[in-house]
Amino acid sequence: MASLQIVDVRKAYGPTRVIHGVDIAIDDGEFVILVGPSGCGKSTLLRMIAGLESITGGEIRIGPRVVNDVPPKDRDIAMVFQNYALYPHMTVAENMAFSMKLRKAPKPEIEKRVSEAAEILGLTKLLDRYPRQLSGGQRQRVAMGRAIVRDPQVFLFDEPLSNLDAKLRVQMRTEIKQLHQRLKTTTVYVTHDQIEAMTMADKIVVMHDGVVEQIGAPLELYDRPANLFVAGFIGSPSMNFLKGHLQGGRFVSDSGIALPVANAPAASDGKPIIYGIRPEHFILDDTNGLSAEVSVVEPTGSETQVFAKFAGSDVVGVFRERVNAKPGQQIRVIPDPNLGHLFDEQTGKRI
């Protein structure tokens, strides 16, 4: 195991710059997830860590060693890809052992490592099968087993669950997290799914257009997003945003609706503000609530999502209570005043 340091790393394809001076410090044994929309540079950054992409500028260190010019096979990393990349003519055991055979490891050591990895991943009874005889989840376990057998300093995962169905993704999330807790190997995991990021990571790196927007623990990003992009990306359904200004310690929307603010900045009256409130932080309140016109109600069982027009904007609220309103009807809601977020309208930064 080893720490991983990404220092002012840049990547350009000719005149086109895709990674703009990224700095990330990953501690030994930490599970870090790079998350962001398609095209944000997260997979490119992962491939640079692996040595599959060259670096235009900056340094990548695995432990104390700078690996910018070190070939992938000598970086002591193991990568799990989205498409499994299993050899169809080899059995599960042969696929898992392949990298060790290339290194000419002794046969008893190979068998021991494969047996241990198969036991960890529940593959012991499948070692004689071929990939075509396995389910998608089993193939993903084999790909993970091949990485475990190498006993690397760093695991790299490139959207490993995107080919699985929704139920299997949830199961595999748990299995990968349990695997990390057992092996304690430094792990960098790429996904566009912020639910995967929230549920699995020790630390999340939110990327956008080749720039790191914020780094922090999952709940830190959820509770205190640094800017509008992070606020809108982390959380599902995403945060609601209302345009307006501050007046007398309250937020006043462009439609004239006043909302309470717990900690309004001093001397900020009249300042253009974007007010953010998460869907689950709306409160149903028939006495003190403000009117919202329902457009769609989506019951999910444990909670109800309500899409409505509120304070001149389209918003979504998530309620534990059963909401029986029909489209076109009015409900009365109020944002929790202690859980609202304020952002500068010009810069997008948290206030």
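Student: Which residue in S19 is the bridge partner of Phe282?

Tutor: The model is a predicted one. Within it, strand S15 (residues 282-284) and strand S19 (residues 330-335) run antiparallel and are joined by three bridges. Phe282 belongs to this pairing, and its partner in S19 is Pro335.

Student: Which residue in S19 does Glu293 stand opposite?

Tutor: Strand S16 (residues 290-299) also pairs with S19, in the antiparallel sense and over four bridges. In S19, the residue opposite Glu293 is Gln330.

Student: What is the volume of the largest cavity, and which element gives the largest share of its lining?

Tutor: The lining includes Phe282, Ala292, Ile331 and Val333. Strand S17 (304-310), strand S18 (313-319) and S19 are the elements that each give two or more residues to this lining. The volume is about 70 Å³, and the largest share, four residues, comes from S18.

Student: Which element gives the most to the lining of the second largest cavity?

Tutor: The second largest cavity has a volume of about 50 Å³, and its lining includes Phe31, Phe155, Ile176, Leu179 and Lys184. Strand S7 (154-158) and helix H5 (166-183) are the elements that give two or more residues to it. By class, this lining has six nonpolar, three polar and one charged residues. The element that gives the most, with four residues, is H5.

Student: Turning to the open spaces, which residues lining the largest pocket are the closest to its centre?

Tutor: About 500 Å³ of space lies in the largest pocket. Its lining comprises 18 residues, and the closest to the centre are Met79, Phe81, Ser99, Arg146 and Arg150.

Student: Which elements each supply at least two residues of that lining, and how many of the lining residues are charged?

Tutor: Strand S6 (77-80), helix H2 (92-102) and helix H4 (136-149) each supply at least two residues of the lining of the largest pocket. By class, this lining has 13 nonpolar residues and one polar residue, and the charged residues number four.

Student: What is the class composition of the lining of the second largest pocket?

Tutor: The second largest pocket holds about 220 Å³ of space. Among its 14 lining residues, the closest to the centre are Asn263, Gly340, His341, Arg350 and Ile351. By class, the lining of the second largest pocket has two charged, four polar and eight nonpolar residues.

Student: Which residues are linked with Arg47 in a network of salt bridges?

Tutor: The side chains of Arg47 and Glu53 meet in a salt bridge, at 3.7 Å from N to O. Arg47 has a relative accessible area of 28% and is therefore partly exposed. The residues linked with Arg47 in the network are Lys11 and Glu53.

Student: How far apart are the closest N and O atoms of Arg113 and Glu109, and where do these residues lie in helix H3?

Tutor: Arg113 and Glu109 are four residues apart in helix H3 (residues 107-121), so about one helical turn separates them. Arg113 is partly exposed at 21% relative accessibility, and Glu109 is partly exposed at 31%. The two residues form a salt bridge in which the closest N and O atoms are 3.2 Å apart.

Student: Is Asp314 buried or exposed?

Tutor: Asp314 meets the side chain of Lys309 in a salt bridge (3.2 Å, N to O). Lys309 is partly exposed, with a relative accessible area of 42%. A residue counts as exposed over 50%. With 63% relative accessibility, Asp314 is therefore exposed.

Student: Finally, what are the helix and strand percentages of residues 4-234, the span that UniProt lists as a domain?

Tutor: In an unreviewed entry, UniProt lists residues 4-234 under "domain: ABC transporter". The end C-alpha atoms of this span lie 25 Å apart. Its content is 37% helix and 26% strand.

Terms used
Residues numbered from 1 in each chain as written. Predicted model: local features only at pLDDT ≥ 70, side-chain atom pairs only at ≥ 80, totals over all residues. Heavy atoms only, no water. Pairing = 2+ DSSP bridges. Salt bridge = Lys/Arg side-chain N within 4 Å of Asp/Glu carboxyl O. Buried < 20%, exposed > 50% of the residue type's maximum accessible area, 1.4 Å probe, protein only. 1 Å grid on protein atoms, 1.4 Å probe; cavity = no way out; pocket = protein on both sides within 12 Å on 5 of 7 lines; lining within 4 Å. Points joined across faces, edges and corners; volume = space filled by probe spheres on them. Nonpolar A, V, L, I, M, F, W, Y, C, P; charged D, E, K, R; others polar. UniProt positions renumbered as here; feature names shortened; annotations may be inferred.
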